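Hi,

Here is the structure I promised to pass on. Have a look at it first, and then read my notes below.

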Amino acid sequence: EVEKIRIKITSLGLTESRITSDETIQQLFVECRLNNFLAEETPLSLPKPTGGQRIHYNYSTVINVDKEDNHAEREYLKSILLKPDLPADSLKFTVVSDPPEDEQDLECEDIGFAYVSLKEIFRKQRDIIEQDIDVFDSQDATAVIGKLTVTVEALHALRSVHEECKND
């Protein structure tokens with residue numbers, strides 16, 4: 001059995017903020033990053049949701065963390081479990097503004113960040129299934145600008161890595 005972490009980015013809703021009122025922000029996509037290894041992004045950027053609506057990505061991806069082929073990822077998971085003070089124990093989701101086609105001189109801009117702690121999943125022994133997580137403003141880490149609905153199934157892989165730590 002290939003051990004993997006499954007990630008699904010279901011939908012995004014925004015609360016009233018500088019983001020909703022900024023007319024240069026029109027299309028959004030979401031990137032998911034595991035430490036420095038891996039960045040995946042939704043293939044679509046969707047029109048910014050307005051007033052209480054949500055945009056639906058329904059994007060799924062899988063990170064393989066088996067011993068044979070994905071040693072670095074596995075070592076990273078080990079370090080999360082073994083080093084309680086490791087700060088980067090989270091999957092990081094970034095909401096990115098995709099400039100409109102007619103304004104290609106504009107850059108993609110990170111507008112918000114959301115996090116899922118793998119350490120917490122292991123501590124609680126519970127995957128995160130279709131859960132709303134806060135999206136924090138990239139310019140003000142205390143301001144919540146929306147909710148991202150995600151699934152992160154990592155418990156099986158984390159348990160397996162944990163077993164291996166015990167046997168090392």
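To start you off: which residues does Arg-6 touch, not counting residues up to four places away in sequence? They are Thr-61, Val-62, Thr-151, Val-152 and Glu-153. Keep in mind that this is a predicted model.

Arg-6 sits in strand E1. With a relative accessible area of 40%, Arg-6 is partly exposed.

H4 itself runs over residues 155-167, 13 residues in total, and reaches 18 Å from its first C-alpha to its last, close to the 18 Å expected. Its buried residues are Leu-155, Ala-157, Leu-158, Ser-160, Val-161, Glu-164 and Cys-165.

Now for H2 against H4. Their axes are 9 Å apart and the packing angle is about 75 degrees. Angles of 65 to 115 degrees count as roughly perpendicular, so that is how H2 and H4 are placed to each other. On the H2 side you'll find Arg-74, Leu-77, Lys-78, Leu-81 and Leu-82, and these meet Leu-158, Ser-160, Val-161, His-162, Glu-164 and Cys-165 of H4. By class, that contact has six nonpolar, two polar and three charged residues.

Cheers

Note on methods. Residues numbered from 1 in each chain as written. Predicted model: local features only at pLDDT ≥ 70, side-chain atom pairs only at ≥ 80, totals over all residues. Heavy atoms only, no water. Helix = DSSP H or I, 4+ residues; strand = E, 2+ residues; numbered from the N terminus. Expected span 1.5 Å × (residues − 1). Buried < 20%, exposed > 50% of the residue type's maximum accessible area, 1.4 Å probe, protein only. Contact = heavy atoms within 4.5 Å. Axes fitted to C-alpha atoms, helices over the stretch in contact; angles between N-to-C directions. Parallel < 35°, antiparallel > 145°, perpendicular 65-115°, else oblique. Nonpolar A, V, L, I, M, F, W, Y, C, P; charged D, E, K, R; others polar.
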